Amino acid sequence: MKRCLDCGAESAGDQCPSCGLTSAAAEVMFRRKLVRRTAVFLLGSLTFPYVSQIYPPLDLDLMLVFFGLIFFGALALAVILERRARNRRQIEVLKHVYYGFVPLPWILAATLFANGRLDSQKNVLFHPTTVEGRFNMKGIVRGSRRLLVRSWRAGQPVERLAVDADDFDRFREGDSVVVGVEPGALGIPWYYGVYRR
Ligand SMILES: [Zn+2]
């Protein structure tokens, strides 16, 4: 018994009894779906890093690493799926795993956006600290500027604040600053602003 590449129904012959497609036609249909869903995934993958800088979480870099794993994992799956479909091999399980990955960047982006957007300015907490370093990495999406300050959280030596270009240029190592942090409507603390003390 083989399974139809498009609808997944079992069939003994070349034509699927459920959707009526031949194995060649089912392969074409599946490829189209794969391309469409991959486009949705890639668009979300561009949106997530962008949105993550609007209300940047304190642990943004950790999230970006996590996101990078999702990104490359999903792309590897897409490549494997394409190959297996071409060779008419079983794809049922992998297909569903991949489809599960597709909305993830959008869900992550929406979570971070809601977390900051639904937060109230009244909740900002200010932490006095000092600048310990600066880090600028040119990137595809607005680049990554980080102001490293001594952390106020237990077990965490530094905070890597995702600052904008102005704040990045304004501060130097050793500056005394106050960092505004919002608790996050969904419980993800995010960086609100940095001010001279
Ligand atoms: Zn079918």
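Contact here means heavy atoms within 4.5 Å. Keep that in mind as we walk through this predicted model, in which local features need pLDDT of at least 70, side-chain atom pairs count only at pLDDT 80 or more, and totals for chains, interfaces and linings use all residues. Residues are numbered from 1 along each chain as its sequence is written, and side-chain values use heavy atoms, with hydrogens and water left out.

**P189 and its neighbours**
- Leaving aside residues up to four places away in sequence, P189 touches P57, L58, R153, V181, E182 and P183.
- You'll find P189 in the loop between strand 6 (176-182) and strand 7 (190-196); helices (H or I, at least four residues) and strands (E, at least two) are DSSP runs, numbered from the N terminus.
- P189 counts as partly exposed because its relative accessibility is 26%; buried means under 20% relative accessible area, exposed over 50%, and partly exposed in between (1.4 Å probe, protein chains only).
- P189 and V28 are 161 residues apart along the chain, and their C-alpha atoms are separated by 46 Å.

**The zinc site**
- The zinc ion has C4, C7, C16 and C19 as its protein donors, each through SG, at 2.2 to 2.4 Å; donors are N, O and S atoms within 2.8 Å of the metal (3.2 Å for Na, K and Ca), and water is not among the atoms, so sites may look incomplete.
- The angles among the four donor atoms are 101 to 116 degrees, making the site tetrahedral, a label given to four donors if all angles lie between 85 and 135 degrees.
- Along the sequence, the donor residues follow the spacing C-x2-C-x8-C-x2-C.
- C16 is buried, because its relative accessibility is 4%, whereas C19, at 34%, is partly exposed.

**Helix 2 meets helix 3**
- The axes of helix 2 (residues 60-86) and helix 3 (residues 92-101) come within 10 Å and cross at roughly 145 degrees; axes are lines fitted to C-alpha atoms, for helices over the stretch in contact, and angles run from 0 to 180 degrees between N-to-C directions.
- On the helix 2 side, I70, A74, L77, A78, I80, L81 and R84 make the contact, and helix 3 brings L94, K95, V97, Y98 and F101.

**E27 and R88**
- E27 sits in helix 1 (residues 23-51) and is buried, with a relative accessible area of 9%.
- Not counting residues up to four places away in sequence, E27 touches L5, A85, R86 and R88.
- R88 lies in the loop between helix 2 and helix 3, and its phi is near 55 degrees, a positive value in a residue other than glycine.
- R88 is partly exposed, at 33% relative accessibility.

Terms used
Tetrahedral: all angles 85-135°; square planar, octahedral: opposite > 155°, others 65-115°.
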